[in-house]
Amino acid sequence: MVDEKKLREKAKEVLARDDVRRLIGWKRGTYGYESAPVVIKDASEAEELIFDPTCVQNPASFITLEEKPPVPRGQEPDTRKVAVMVKGCDSRAVVQQLVEKAYPRDGVIVLGVPCTGVVDRRKAQKMFGDTSEPVLIKEEGDKFVFTIDGETKEGPRAELLADKCVRCRFPNPLVYDELVADEVAVWGADEFTDVDEFEKKSPEEKWKFWEEQFSKCIRCYSCRNVCPMCYCLECVVTKQRPQWTRRSTDVSENTAYHIQRAWHLSGRCIECGECERVCPVDIPIMTLNRKMTRDVKEMFSFEPGIDVEAEPLLSCYNPQDPEEYIM
Amino acid sequence: MSEEFEPNIVAFLCNWCSYAGADLAGTSRMHYLPNIKIIRVMCSGRVNPLFLVNALQQGADGVLISGCHPGDCHYLEGNFYARRRFMLMRKLLEHVGVDPGRVNMSWVSASEGAKFKEVIDETVAKAKEAGPMEQFRRRQLNW
Amino acid sequence: MGDYKFAKDKLAEVVGALKDYEVFAPTAVGDVLRFKQVEDASGVSLDYKNTNVPPKELMFPETETLFKFRVGQTEIEPAVPDESSKRLVFGIRPCDAMAYTIVEKLYSWDYPDPYFEGRRSSSVLFGLACSEPVPNCFCTSMGGGPGSEQGLDALMFDLGETVYVKTLTDAGEEAAKAMGLEAAGDAEKKAAAAQEKEAQGKIKRTLDTEGIPEKLPSLYDHPFWEEFSDRCLSCGICTFLCPTCHCFDIQDETEVFNGRRARMWDTCMFPEYSLHTSGHNPRPTRKERTRNRISHKYSYFPEKFDVIACVGCGRCINYCPVNIDILDILEKSKKAEAKEAKTA
């Protein structure tokens, strides 16, 4: 269990250092089952930090989201470090970003937070209804205890955990400078049964499914923007000269967009599940990404976000790579 | 005249091996099917898998990427990278419901004119079996 | 105008009687609700909170052809919607209908937009008053309310077994007659008024907008924006799901011999929105863009059109992935001291 006091103390310590510019963590949301990612710049703001089962967002996305505009003449850019609090799944994003050299290892200070799972807001809303007051959630054994509008309610952990947490194999951060709590035991395993289930469909059924899903897409690009691995300065989808994917929202362009994104994430997606959570029209994006994750594991024995020394999947090759269908 | 469907295939051929192999098929007067439209690239490793998606969007019924044999790439490693990429892209398209027969890859060297003809025959046959590409084709093609 | 009613279990019949109209109602695909054309009247239900995507997509579709062109032709083929076709939007919430009155101000401002006008003028809005506001609704603070009549042709109140319908315009009367509704009495009117009052009381989140439009420009350089912009993802959710956001991009899409000019929703949250051809971008970071969006809706738009470009539907709060809460921003803007603002 994470002691929030200790978490805040650690944060204050880190922020008090001369060479740290900002710290990314979580704070209480303004309503319901929300928490909000927060970027604090001063140790006095550390009291806002929390860690509880509402903290579903991935702070690693915010390391690369930060823009670096040119500084006025005579000023030097601020090259101090960024501190970030990460759960186990989030730390895989940091590992993969380091593998791809998005930033140098000494440019970040990683505060690892061992996690025992987050609550899926939709499941909580269905069980307990919605509220405009912030909800407090605590974990107690195999239950989650909610304080909603002053009342205490309980729900079984198994029914409220986010899907990604049910199969979590990395509750403890894989890269960290300091841990803010003790490591926890691994409880999950991933056999990719959901991918196997989907593959049982016929090609016509598969396309029918995806056509319906992709025709809902409004191309808000939340899935791309929240993804810790989507940090290209100019994304191919929004490139205008030349234009690859048109901006119109018909099935053809929407399908092309999702295929492009899943393709660019193959061997890189660390399965934080944020893309699917943020989608306003409920497109099951993880279904595509998990298929690629499974295939990459099977074909190339590679899992992203685990080993900082690994080489990115598509930047290397093995002369014995499979080539089953090649004539 | 039979109304048999004639697929449109876009073929990305690497300059040093496959394109030369296609050239050889031509100069040897081997008749190969006219369904393919060839785009010459310097190396199969240059082919971005998104070209494939774009081609399918624009109405191609099948795509072929052809390069030098592994180990013989003119640029030493390009085809190894291409192999990894297209293995994955094919799986992804299959997951979306696109017939895998639309995505084809081959190793054709500069002396393999006859093999090139066979590769085209097989590619066209697979695309014919898969039928016209309707799934995520741009609908506004014939306004 | 008129007061009517119908039994709720006759809903499918009532909607089915609208044979001369293209009827649009909230339709579910999984958990997602959107306004779609009704194929089967028995699928229509009054049992929902609000749609994910607002009904602005009925007046202003996400992608719309402006005109087509073809090699060899000397004239373009405009694709202006037919104003004579009759459409009826069934079950639109008062906030979304009020949003049309706000967006109309812009679309009929200096150049009347025939595409928007064509759809809007041929649409009859049959509203559904709210009995159970969603937790983040704040329509009462924006000049609307659960029973607001702005922009509507008729307003329905779901009273349990009966639905009371109040027609507000001639078009609403015509539709009510087509639906074959019977006259309502005082009992229904009283119940509707009581429901509206109760719903107003259920709205928990309020904001006093007094002074906000004047204050925001003075906070241009204030650091309080960073609290929100630091976690903004620059995605388009708040703008695409906002019933009053109305920006669009125009693109030409061509094949070899023909093409179309189309417009599609655009969002000021994307960096490309303000990217100049020279490569310069006046809003390069999220701070500029978040500040711009809030200032536009709550200061620049009211300055021009005398109404805040927000109806309090709460979708931006409900769907923002990082809990950027507009009420939170506005409360903090009221407390922020303009003199703390640094001059750049």
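Two strands pair if DSSP finds at least two bridges between them. Helices (H or I, at least four residues) and strands (E, at least two) are DSSP runs, numbered from the N terminus. This is a predicted model, in which local features need pLDDT of at least 70 and side-chain atom pairs count only at pLDDT 80 or more, while totals for chains, interfaces and linings use all residues. Residues are numbered from 1 along each chain as its sequence is written, and chains are lettered from A and ligands numbered from 1 in the order in which they are written.

**Exercise 1. The sheet of chain C**

Task: Determine which residue of β8(C) is the bridge partner of L128(C), and describe the sheet of eight strands in chain C.

Solution. 
1. Begin with the two strands: β7 (residues 123-128) and β8 (residues 154-158) of chain C run parallel and are joined by three bridges.
2. Within β8(C), M156(C) is the bridge partner of L128(C).
3. The edge strands, each pairing on one side only, are β3 (32-37) and β10 (182-183) of chain C.
4. Two residues are in contact if their C-beta atoms, placed from the backbone, lie within 7 Å.

**Exercise 2. The domains of chain C**

Task: State the domain assignment of chain C and identify what gives the most to the side of domain 1 that touches domain 2.

Solution. 
1. Domain 1 of chain C comprises 3-60 + 68-202, and domain 2 comprises 212-340; these bounds come from an automatic or database domain assignment.
2. The centres of the two domains of chain C, taken over C-alpha atoms, are separated by 27 Å.
3. Their contact takes 26 residues from domain 1 and 21 residues from domain 2 of chain C.
4. On the side of domain 1, β4 (63-70) and α3 (94-107) of chain C each supply at least two residues, and α3(C) gives the most, with eight residues.

**Exercise 3. The sheet of chain A**

Task: Give the strand order of the open sheet in chain A and name the helices that pack on it.

Solution. 
1. The five strands stand in the order β2-β1-β3-β4-β8 in chain A, with mixed pairing.
2. At the edges are β2 (35-40) and β8 (178-179) of chain A, each of which pairs on one side only.
3. Strand β1 (residues 20-28) of chain A runs antiparallel to β2(A), and six bridges join them. In β2(A), V38(A) is the bridge partner of G25(A).
4. Helix α1 (residues 4-16) of chain A packs on the sheet and touches β1, β2, β3 (81-86), β4 (108-112) and β8 of chain A; its direction makes about 155 degrees with that of β1(A).
5. Helix α3 (residues 88-99) of chain A also packs on the sheet, touching β3 and β4 of chain A, and its direction makes about 160 degrees with that of β4(A).

**Exercise 4. Chain B and its contact with chain A**

Task: Describe the make-up of chain B and of its side that touches chain A.

Solution. 
1. Chain B has four helices and four strands, which follow the pattern β-α-β-α-β-α-β-α along the sequence.
2. The radius of gyration of chain B, taken over C-alpha atoms, is 15 Å, close to the 15 Å that the globule rule gives for 143 residues, so chain B is as compact as a globular protein of that length. The globule rule is 2.2 Å times the number of residues to the power 0.38.
3. In the contact, 34 residues of chain B meet 31 residues of chain A.
4. The largest share of this side of chain B, 13 residues, comes from α3(B).
5. The residues of this side divide into 15 nonpolar, eight polar and 11 charged. Here Ala, Val, Leu, Ile, Met, Phe, Trp, Tyr, Cys and Pro count as nonpolar, Asp, Glu, Lys and Arg as charged, and the others, Gly among them, as polar.

Methods. Axes fitted to C-alpha atoms, helices over the stretch in contact; angles between N-to-C directions.
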